[in-house]
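Please look over the structure below.

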Amino acid sequence: MCCESKRRFLLLYATQKGQAKAIAEEIWQQAGAHGLEADMHCISEMDKYNLETEKDPVVIVISTTGTGDPPDTARKFVKKIQDKTLPPDHFAHLQYGLLGLGDSEYMFFCNGGRTVDRRLQELGAQRFYDTGLADDCVGLELVVDPWIDGLWLALKEALQLQKEKEGMNSAVDAVCSSVSPAPHAVHELKLSSEVQNLKLEDEGARASDTLSQKLDDINLVTPARDTEPSLVHSGPPVAQSALNIPALPPEYIEVEFQDTQGENPHLSSLISEGTTFEVPVTKAVQLTREDAIKTALLLELDIADTTFEYQPGDAFSVICPNNVSEVEELLHILGLSEKGDDFVCVKVKQDTKKKGASRPQHIPERSTLKFILTWCLEIRAIPKKAFLRALVECTSDAGEKRRLQELCSRQGASDYTRFIRDSNVCLLDLLHAFPSCKPSLSLLIEHLPKLQARSYSVSSSNLYQPGRLRFVFNVVEFPASPSRPVSRKGVCTGWLAELVAPLLHPSKNSLDTKGKSSSTEKISIFPRPNNTFHLPADPSVPFIMVGPGTGISPFIGFLQHRQKLREQHADWEFGETWLFFGCRHQDRDYLFKQLQCFLENGALTHLKVCFSRDSSTAEVAPPKYVQDVLRLCAKEVARVLLKERGYFYICGDKKHMADDVSDAIVDILSMEMEADKLEAMKILAMLREAKRYLQDVWS
């Protein structure tokens with residue numbers, strides 16, 4: 001093995017939406033500047049690497065999907081290393097560093113990375129660098145950037161240690177006494193979302209892979225003292241700082257316009273998750289009054305002529321397009337308004353410097369330009385720093401160029417978080433804010449992520465309504481802000497609301513029955529079964545449901561299913577059922593007032609409701625939130641969970657509800673068991689482990 005190969009390390013990534021891959025590519029790009037060579041592969045390509053015989057250090061970047069699962073690309077790898085017959089020293093030869101990506105809004109934060117990390121440790125692998133856990137809730141870059149900065153010194157020490165061990169086998173004891181402490185001990189970086197000011201131990205190496213941009217490099221007008229920082233203007237100290245900006249990502253996509261005509265690909269070709277179904281929307285009902293703060297809609301789909309199957313508690317995904325007017329606006333800014341219906345061929349540039357470059361799977365090789373911008377690219381995505389860095393090169397105005405450099409720089413990290421990430425700024429907002437920026441179509445394809453299908457909880461039972469699927473959603477509203485001058489609706493919910501407008505407000509000519517229209521729109525869907533959020537297998541087991549707002553959606557399916565089971569099996573024993581529902585106003589957004597029917601037919605035993613914004617003249621104010629009502633029913637809740645071994649289901653907003661409900665349950669268990677809070681938390685953890693405390697939440 002030559003000396004140069006000694007500088008090699010293996011770089012593996014496991015990605016669901018492309019973030020882990022993008023970070024791995026950044027590591028690969030920086031490696032050369034540090035005299036290292038990254039042998040990069042997707043973790044699913046197990047024919048291209050072999051951890052059983054790997055001698056060089058291994059760097060793993062892995063995301064988390066669903067409710068804490070490793071990404072689809074890592075499933076085979078995880079299954080392989082979880083083989084219980086593997087001995088505890090199976091990976092004793094392996095040195096690795098792992099960067100996990102996740103979102104603390106969800107229960108099992110970074111569980112994909114934690115699962116792999118834990119199992120590698122169990123099989124004897126040694127960390128040469130402390131594990132990093134990056135949080136997408138506050139910004140991945142807060143951990144990713146310092147983790148990558150510290151990686152190079154750790155890698156060099158690991159490689160040096162390996163070299164010394166291999167070169168001095170005849171004097172192992174001497175080597176062991178002379179080398180510095182194990183790199184993983186030296187680099188016990190407590191990487192968390194609060195890490196922002198990590199001092200770099202290898203300053204020279206960092207300087208070689210970043211660009212130091214001094215203020216006098218461009219003719220920048222110093223902002224007036226009273227000018228507040230904004231998306232387009234910086235303030236001190238950023239405005240006066242030399243900047244460390246990321247390396248320019250290599251271009252790798254080429255787009256050719258073609259004169260020939262043809263047909264666009266079918267939407268099903270864009271989905272890798274399984275079979276898609278094109279189904280008609282047969283009914284639409286607005287569940288909220290016009291003066292409600294949020295607009296909630298119920299849609300019914302006809303799945304009778306399909307093989308689509310679901311259980312109450314399952315979810316499904318809707319394939320949705322970008323907003324038509326936004327696509328037209330983007331075409332106009334790009335100067336391609338006249339070419340939207342032209343066919344283009346997308347391929348990899350022959351002279352690209354990007355390792356392993358390939359056409360993104362979500363981009364068809366041949367389609368119209370408008371098809372790509374409408375169905376393939378998430379044009380509403382918050383731009384990553386690498387994208388901002390690439391946009392710098394497409395910007396002619398010196399002041400605009402400088403500001404884009406600031407926003408992608410290390411010095412401008414807080415500005416990026418405040419004015420781009422937290423403000424939910426997208427590409428269109430940037431192009432309006434920086435009018436001299438004129439990116440190419442190929443650049444958009446390289447940097448914009450895949451337009452993701454949107455998932456919704458099923459709000460019906462196939463047993464109760466055969467051949468029908470219902471779901472409920474709020475039409476998401478994004479109000480205007482200083483960084484985003486126009487208000488917008490959610491990509492999917494806005495599209496669905498517009499699509500079903502004729503069903504909500506039918507004309508007399510098209511009206512058949514209330515909420516139904518003779519002209520039926522179709523949407524494409526695919527199933528996303530939930531492995532745990534289902535009714536107890538034993539109908540005699542009691543359960544509690546907590547679902548404020550549209551969080552009630554899956555529980556309508558639960559109750560419909562329970563009602564039908566009671567009708568079909570009069571001799572069965574059924575456990576009691578509790579539903580805790582809350583909304584703002586009883587007369588404006590009480591979504592399912594027919595819940596009383598479930599009480600009358602016995603499907604629902606106890607219904608507890610609360611209204612957070614309604615005023616009351618009662619001497620004792622009624623509870624405002626579902627967690628307050630739970631506390632009022634503490635004895636019953638504890639009885640169901642502890643004595644009767646019942647189930648507890650939560651559906652809805654995580655940050656503003658599910659965490660508060662969890663806290664309430666801890667308080668209830670502590671009070672009713674006469675135990676301290678720590679003991680109550682352990683009981684709740686046991687309920688989660690036993691799959692008796694289940695959540696279907698979103699951020």
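**Strand E4 and its partners**

Strand E4 runs parallel to strand E6 (residues 132-135), and four bridges join the two. Strands pair here if DSSP finds at least two bridges between them. Strands (E, at least two residues) and helices (H or I, at least four) are DSSP runs, numbered from the N terminus. This is a predicted model: local features need pLDDT of at least 70, side-chain atom pairs count only at pLDDT 80 or more, and totals for chains, interfaces and linings use all residues. Residues are numbered from 1 along each chain as its sequence is written, and side-chain values use heavy atoms, with hydrogens and water left out.

**Pairing**

- In E6, glycine 132 is the bridge partner of leucine 99.
- E4 also pairs with strand E3 (residues 58-62), in the parallel sense, over five bridges.
- Leucine 98 in E4 is the bridge partner of isoleucine 60.
- Strand E5 (residues 126-127) is parallel to E4 and joined to E4 by two bridges.
- There, glutamine 126 is the bridge partner of glutamine 95.

**Crossovers**

- E3, helix H2 (residues 75-81) and E4 form a right-handed β-α-β unit.
- E4, helix H3 (residues 111-122) and E5 form a right-handed β-α-β unit.
- Right-handed means that, with the strands pointing away from the viewer, the path from the first strand over the helix to the second runs clockwise.

**Burial**

- E4 spans residues 95-102, and eight of its eight residues are buried (under 20% relative accessible area, 1.4 Å probe, protein chains only).
- One side carries Gln95, Gly97, Leu99 and Leu101, all buried.

Methods:
Buried < 20%, exposed > 50% of the residue type's maximum accessible area, 1.4 Å probe, protein only.
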